[in-house]
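Hello,

Here is the model I promised to pass on to you. Please have a look at it first, and then read my notes below.

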Amino acid sequence: MVEKEQVRPLAPASDRPPSSDDDETTLNKKRFHQRRCFKYCVCVSIFIFLIAIILIILIFTVFKVKDPIITMNGVTVEKLDLVNTGGTILPMPKPGSNMTIKADVSVKNPNFASFRYSNTTTTISYHDTVVGEARGPPGKSKARGTTRMNVTIDIITDKIVSHPGLQNDITTGLLTMNSYTRVGGRVKLLNMIKKHVVVKMNCSITVNITSQSIQDQKCSKKVKL
């Protein structure tokens with residue numbers, strides 16, 4: 001009887017049917033994992049959205065290519081030979097001589113990247129006739145900096161003397177000429193944004209023949225991107 005009443009051993013844990021507590025624990029773990037993944041996706045989405053907003057703001061503010069500003073700071077007459085008849089100096093350029101004009105030009109770069117420009121060209125016209133031309137060397141205007149250039153132009157006075165409109169200018173004692181300056185270059189931001197820029201400036205210059213000084217100067221500018 002003692003042998004018959006011996007207790008049988010318990011079944012292994014792996015053979016026992018899953019309890020409701022185990023199911024609830026597994027479900028809670030799954031829900032926790034889902035919530036963690038959802039929070040991670042939300043954080044990543046917010047981060048990407050903020051980066052996109054910052055980039056858009058930078059593109060339309062800091063990285064926006066602004067127009068370089070070209071300015072004619074001043075023009076001086078370095079050399080002007082006048083006609084001398086018997087000790088009397090006439091307010092008229094001497095034929096066969098050259099007239100020298102020096103222009104102080106500055107290029108201001110308002111961008112956060114340097115502005116590299118090629119050879120600059122300046123021409124002087126008298127009543128739509130080109131009487132002088134000068135070329136400047138290429139250069140670079142630093143970010144948010146200003147570069148100044150001194151341009152020396154030799155004027156062929158024979159073209160002025162032979163022009164029929166000179167007599168009227170001699171009567172007033174004023175010689176009005178037009179200058180045209182062209183500066184072409186490129187602005188490069190972060191090796192990604194490149195803009196080709198051409199700055200043009202037209203000036204009307206009035207020279208007092210007797211005093212050999214600039215009486216008046218008016219300029220207009222145009223930028224092409």
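Two strands count as paired if DSSP finds at least two bridges between them. Helices (H or I, at least four residues) and strands (E, at least two) are DSSP runs, numbered from the N terminus.

Before the details, a word on the ground rules. This is a predicted model, where local features need pLDDT of at least 70, side-chain atom pairs count only at pLDDT 80 or more, and totals for chains, interfaces and linings use all residues. Residues are numbered from 1 along each chain as its sequence is written, and side-chain values use heavy atoms, with hydrogens and water left out.

On confidence: pLDDT is the predictor's own confidence in each residue, from 0 to 100. The chain averages 80 on that scale, and 82% of the residues score at least 70. Confidence is highest in strand 6 (residues 120-126), with a mean of 90, and lowest in strand 3 (residues 88-93), with a mean of 67.

Now to the strands. As a reminder, the strands of a sheet pair through backbone hydrogen bonds, either parallel or antiparallel. Strand 1 and strand 4 run antiparallel and are joined by 9 bridges. Ile-69 has Lys-108 of strand 4 as its bridge partner.

Within strand 11, Cys-203 stands opposite Ser-179. Strand 11 also runs antiparallel to strand 12 (residues 213-224), through 11 bridges, and there Asn-202 faces Ser-220 in strand 12. Strands 11 and 12 form a hairpin with 4 residues between them, and Gln-212 in that turn has a positive phi of about 55°.

Which side chains form salt bridges? The term stands for a side-chain nitrogen of Lys or Arg within 4 Å of a carboxyl oxygen of Asp or Glu. Side chains of opposite charge can pair when their charged atoms come close. The search of the whole structure finds 2 salt bridges. One of them joins Asp-104 and Arg-148, at 2.4 Å from N to O. This pair links distant parts of the chain, with Asp-104 in strand 4 (residues 98-108) and Arg-148 in strand 9 (residues 146-156), 44 residues apart.

How covered are these two residues? I use buried for under 20% relative accessible area, exposed for over 50% and partly exposed in between (1.4 Å probe, protein chains only). Asp-104 is buried, at 19% relative accessibility, whereas Arg-148 is exposed at 55%.

A salt bridge also forms between Arg-135 and Glu-133, where the closest N and O atoms are 3.8 Å apart. Arg-135 is exposed, at 61%, and Glu-133 is partly exposed, at 46%.

Strand 9 also holds Asn-150, which is exposed with a relative accessible area of 54%. The C-alpha atoms of Asn-150 and Gly-74 are separated by 9.8 Å, although these residues are 76 apart along the chain.

Asp-128 is not a glycine, yet its phi is positive, at about 65°. Asp-128 sits in the loop between strand 6 and strand 7 (129-136) and is exposed, at 77% relative accessibility. Arg-144 likewise has a positive phi, near 55°. Arg-144 lies in the loop between strand 8 (139-141) and strand 9, and is exposed at 54%.

Finally, what is found in helix 1 (residues 20-60)? Val-42 is there, partly exposed with a relative accessible area of 33%.

Happy to hear what you make of it.

Best wishes
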